[in-house]
Amino acid sequence: MTNSSLVTTFILAGLAHAPELDTFLFGSFMVIYVLTVVGNLLIMLVIIVDPHLHTPMYYFLANLSFIDMWYSMVTVPKMLMTLVSPEGSAISFPSCVAQLYSFHFLGSTECFLYTVMSYDRFLAISYPLQYASMMSGRTCAILATATWLSGSLHSAVQTTLTFRLPFCGPNQIQHYFCDAPPILKLACADTSTVEMVIFVNIGVVALGCFLLTVLSYVSIIHSILKIRTSEGRWRAFQTCASHCTVVLCFFVPCVFIYLRPGSKEAMDRVVAVFYTVLTPLLNPVVYTLRNKEVKKALLKLKDKVVHFQSK
């Protein structure tokens with residue numbers, strides 16, 4: 001990645017807010033951040049230690065929890081630093097490159113993973129008798145690996161296109177983390193071609209994954225309607241409701257920011273909070289509060305810990 005940039009450090013503008021709200025925002029985001037990391041760690045731990053959860057759905061959920069934990073860690077700590085002191089707003093050029101790559105790597109991997117998870121639910125509901133053989137351990141591992149490799153490739157394209165441009169002028173990024181659209185505005189060259197390629201790249205990934213996910217759920221609804229008993233239909237619907245909730249909270253803000261014409265920087269920063277701060281928290285909340293199996297596994301884990309401490 002060749003670059004003739006003169007800029008060695010960027011300044012993150014942070015969230016647009018009144019200065020007197022610094023303490024309140026710092027406290028709120030810190031609580032959300034801790035809950036996100038601890039919640040996703042708990043889900044991964046429960047899935048690993050409970051044999052009843054060694055199924056394809058929970059295998060992919062463990063991957064999702066791992067992604068969400070790191071997704072939050074990539075952006076939130078730096079945002080908290082910008083709220084504490086002006087010095088915390090500075091980010092070196094290499095660190096900015098690393099943050100943008102990590103952000104898009106984890107984000108696009110999560111996008112692909114949602115598609116795989118919807119396909120998994122489609123097979124489980126539409127082909128219950130063949131499901132175990134169709135989603136074997138080897139198949140799950142191949143699908144998970146494919147999502148990580150695809151995410152890595154997608155992010156490499158985004159990062160290379162963004163930072164191959166020269167940066168010789170203003171260095172203030174109108175955001176609370178390094179992302180392609182606000183960084184491109186600082187380039188000392190024509191960015192129209194790069195912007196179009198990035199737009200198409202994100203559009204193909206986001207809309208492609210979203211349409212495949214919708215197709216899976218249309219097929220799932222069709223299969224659910226064939227179930228004769230209302231109890232059976234309700235149980236089948238419940239297995240997918242939590243997934244739909246998280247998917248919508250992830251895709252809608254992403255489409256709003258990256259695939260709409262024009263850009264309003266203050267609005268983009270507020271909307272970005274939804275998928276960088278709140279969506280990673282939704283994963284442990286939705287999947288534990290709406291999932292009886294995970295709640296049972298958490299209670300078992302709690303009993304084991306209490307029993308171990310009493311010895």
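This passage describes the fold, the packing and selected residues of a predicted single-chain model. Local features were taken only at pLDDT of at least 70 and side-chain atom pairs only at pLDDT 80 or more, whereas totals for chains, interfaces and linings use all residues. Residues are numbered from 1 along each chain as its sequence is written, and side-chain values use heavy atoms, with hydrogens and water left out.

The secondary structure of the chain comprises 10 helices and three strands, where helices (H or I, at least four residues) and strands (E, at least two) are DSSP runs numbered from the N terminus. Along the sequence these elements follow the pattern β-α-α-β-α-α-α-β-α-α-α-α-α. The radius of gyration of the chain, taken over C-alpha atoms, is 21 Å, close to the 19 Å given for 311 residues by the globule rule (2.2 Å times the number of residues to the power 0.38), so the chain is as compact as a globular protein of that length. The C-alpha trace spans about 65 × 50 × 35 Å along its principal axes. Of the 311 residues, 49% count as buried, a class defined by under 20% relative accessible area, with exposed residues over 50% and partly exposed ones in between (1.4 Å probe, protein chains only). The chain exposes about 15,700 Å², of which carbon and sulfur atoms supply 70%; accessible areas come from the Shrake-Rupley method with a 1.4 Å probe, and for residues only the protein chains shown count as cover. Among contacts (heavy atoms within 4.5 Å) between residues at least 6 apart in sequence, 80% join residues at least 24 apart.

Aromatic pairs were assigned to rings of Phe, Tyr and Trp (its six-membered ring) with centres within 6.5 Å, planes under 30 degrees apart counting as stacked, over 60 as edge-to-face and the rest as tilted. By this rule the count comes to 20 aromatic pairs. In one of them, the ring centres of Tyr114 and Phe251 lie 6.3 Å apart with their planes at 50 degrees, so the pair is tilted. Separately, Phe66, Trp70, Tyr101, Phe105 and Trp148 form one aromatic cluster.

Side chains of opposite charge can pair when their charged atoms come close. With a salt bridge defined as a side-chain nitrogen of Lys or Arg within 4 Å of a carboxyl oxygen of Asp or Glu, the count comes to one. This salt bridge joins Arg121 and Asp120, whose closest N and O atoms are 3.0 Å apart, and both residues are buried.

At the surface, a nonpolar patch is formed by Met30, Val34, Val38, Leu42, Leu45, Ile48 and Val49, which together have about 560 Å² of accessible area. Patches are made of residues with over 30% relative accessible area and no salt bridge, like charges being joined within 9 Å and nonpolar side chains (Val, Leu, Ile, Met, Phe, Trp, Tyr) within 5 Å. Val38, in helix α1 (residues 22–49), counts as partly exposed at 44% relative accessibility.

Several individual positions were also examined. Asp68 in helix α2 (residues 56–84) is buried, with a relative accessible area of 0%; beyond residues up to four places away in sequence, Asp68 touches Thr36, Asn40, Glu110, Thr279, Pro280 and Asn283. Ile183 in helix α6 (residues 180–184) is likewise buried, at 0% relative accessibility. Leaving aside neighbours within four places in sequence, Ile183 is in contact with Cys96, Leu100, Thr162, Phe163, Phe167, Ile173 and Cys178. One of these partners, Phe167, is placed in the loop between α5 (137–163) and β3 (172–173) and counts as buried at 1% relative accessibility.

Helix α7 (residues 192–225) contains Ser216, and His222 is also placed in helix α7. Ser216 is buried, with a relative accessible area of 9%, whereas His222 is partly exposed, with a relative accessible area of 48%. The C-alpha atoms of His222 and Phe93, 129 residues apart along the chain, are separated by 51 Å.
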